[in-house]
Amino acid sequence: MVAPGGGAGGGPSRWPAAEELDIVRKKVVDISGRDEQEVRVAACPYRICPLGAHIDHQGGVVTAMTINYGVLLGFVPSNGSEVLLQSGQFEGVIRFRVDDLQKPIDKPENINWESYARGAVYALQNSGYDLRKGIIGYISGVKGLDSSGLSSSAAVGIAYLLALEHVNDLVISPVDNIQLDKYIENKYLGLKNGILDPSAILLSRYGYLTFMDCKTASPSYVCFSELSKSQQPQGQLPFKILLAFSGLQHNLPKKSGYNMRVFECKEAARALLHASGCEDTPNILCNVDPVVYEAQKCVLEENLSRRAEHYFSEMKRVTKGRDAWGRGNLQELGQLISASGRSSILNYECGSKEMIQLYEILLKAPGVLGARFSGAGFRGCCLAIVESERAEDAAAYVRAEYEKAQPELVSRIPADRRVLVCEPGDSARVILPDPHLRS
């Protein structure tokens with residue numbers, strides 16, 4: 001969880017770059033008046049979910065990897081319990097104390113960038129951790145990538161957790177931090193998120209696909225076959241990740257669609273469990289045996305039937321995807337990713353007209369092996385796996401075609417953020433000062 005120096009990522013992308021770290025460190029020096037050698041940086045990457053869409057809250061098995069973009073929180077310990085924060089994206093200064101009693105957000109419209117810092121303190125306080133020191137810090141994400149379906153909110157929450165833990169000498173495992181971030185989202189912000197996002201950010205390894213069993217909260221990893229045969233474990237993967245942005249943005253808690261889908265999945269589980277004589281079993285779909293589902297799915301109302309069909313078909317795709325990744329079969333993996341995208345539209349019924357247009361454009365782009373929505377599917381971006389040598393051609397095609405389809409939305413997106421060519425990343429960590437730095 002702790003990396004020395006700068007650009008110490010696990011793969012060729014080496015995120016964050018030394019230049020990015022320098023900017024954040026200098027901002028903290030300006031705010032705090034402290035020496036640059038004292039500044040630590042919590043680096044928390046954004047994540048994608050190639051397979052396992054929308055099933056983490058039902059205890060399903062999901063896949064994830066991080067990318068070479070994310071949130072950077074530069075920080076130094078404060079002299080007491082005060083927290084003082086500035087942001088690269090939002091105006092104003094946050095001030096509060098870690099010994100203040102934090103209360104959950106009562107209304108979604110009251111959520112702002114301050115909420116995640118307070119939520120981290122709330123989660124640690126209510127989990128029995130002793131917080132005596134605050135932080136002075138500067139946090140910065142990637143312009144245009146917030147509210148885009150890449151789990152920027154989870155990255156922010158984890159950054160604050162790592163910083164507070166670091167200055168208070170708390171040794172907390174990645175698995176426990178997954179639960180702490182879930183506590184922020186569920187208990188403090190009031191969002192019914194599962195553990196996919198924090199699991200991806202905290203557990204990913206370059207060159208591996210992370211599999212998280214959300215029922216048991218147990219991770220496993222599968223190495224891409226070409227890397228496993230190589231004598232250079234940091235060797236280049238034979239694909240890139242394409243992120244195409246729709247121009248649609250909103251805060252997830254303010255949109256009822258996500259929480260409604262979670263409710264419908266639980267209702268489907270309740271009906272199936274009741275039909276099979278298991279009324280006392282918790283109403284989540286992972287508690288329904290696939291054999292029972294096939295035998296009893298006729299009892300489900302149409303919309304509940306579609307939610308259940310998405311869950312059980314997606315679980316099959318995850319299993320097949322695990323095998324395809326391990327064999328290095330990107331064609332098969334891509335087909336499964338695209339099938340996941342279709343099920344999100346037809347069975348989970350998420351995705352606006354604009355998001356569906358973007359998904360369909362990606363499927364036609366040169367070199368694209370598979371595509372689907374990123375995040376909950378109600379806004380943000382679509383992801384694609386693309387052949388490395390054709391990534392730039394694919395990006396150019398998607399930029400041009402989506403601008404034809406949605407010129408007004410595209411005009412809202414910064415020109416250099418409309419389509420990004422990314423690489424797989426590594427896990428969240430605290431980066432210590434470079435020993436060669438001089439103030």
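Author: In this predicted model, a residue counts as buried under 20% relative accessible area, as exposed over 50%, and as partly exposed in between (1.4 Å probe, protein chains only). Residues are numbered from 1 along each chain as its sequence is written, and local features need pLDDT of at least 70.

Reader: Why is arginine 14 called partly exposed?

Author: The relative accessibility of arginine 14 is 46%, so arginine 14 counts as partly exposed, a class that lies between under 20% and over 50%. Arginine 14 sits in the loop between β1 (2–3) and α1 (18–32), where helices (H or I, at least four residues) and strands (E, at least two) are DSSP runs numbered from the N terminus.

Reader: How do you know that the span of α1 agrees with what its 15 residues should give?

Author: The expected span of a helix is 1.5 Å times one less than its number of residues; for the 15 residues of α1 that should be 21 Å, and the end C-alpha atoms are 21 Å apart, so the two agree.

Reader: What makes β3 and β7 a pair of strands?

Author: Two strands pair if DSSP finds at least two bridges between them, and 4 bridges join β3 (residues 61–77) to β7 (residues 208–213), the two running antiparallel. Within this pairing, alanine 64 has threonine 210 of β7 as its bridge partner.

Reader: How do you know that β7 also pairs with β8?

Author: There are 6 bridges between β7 and β8 (residues 218–223), which run antiparallel, and the definition asks for at least two. The hairpin of β7 and β8 has 4 residues between the strands, and there alanine 217 takes a positive phi near 55 degrees.

Technical notes
This is a predicted model: local features need pLDDT of at least 70, side-chain atom pairs count only at pLDDT 80 or more; totals for chains, interfaces and linings use all residues. Side-chain values use heavy atoms; hydrogens and water are left out.
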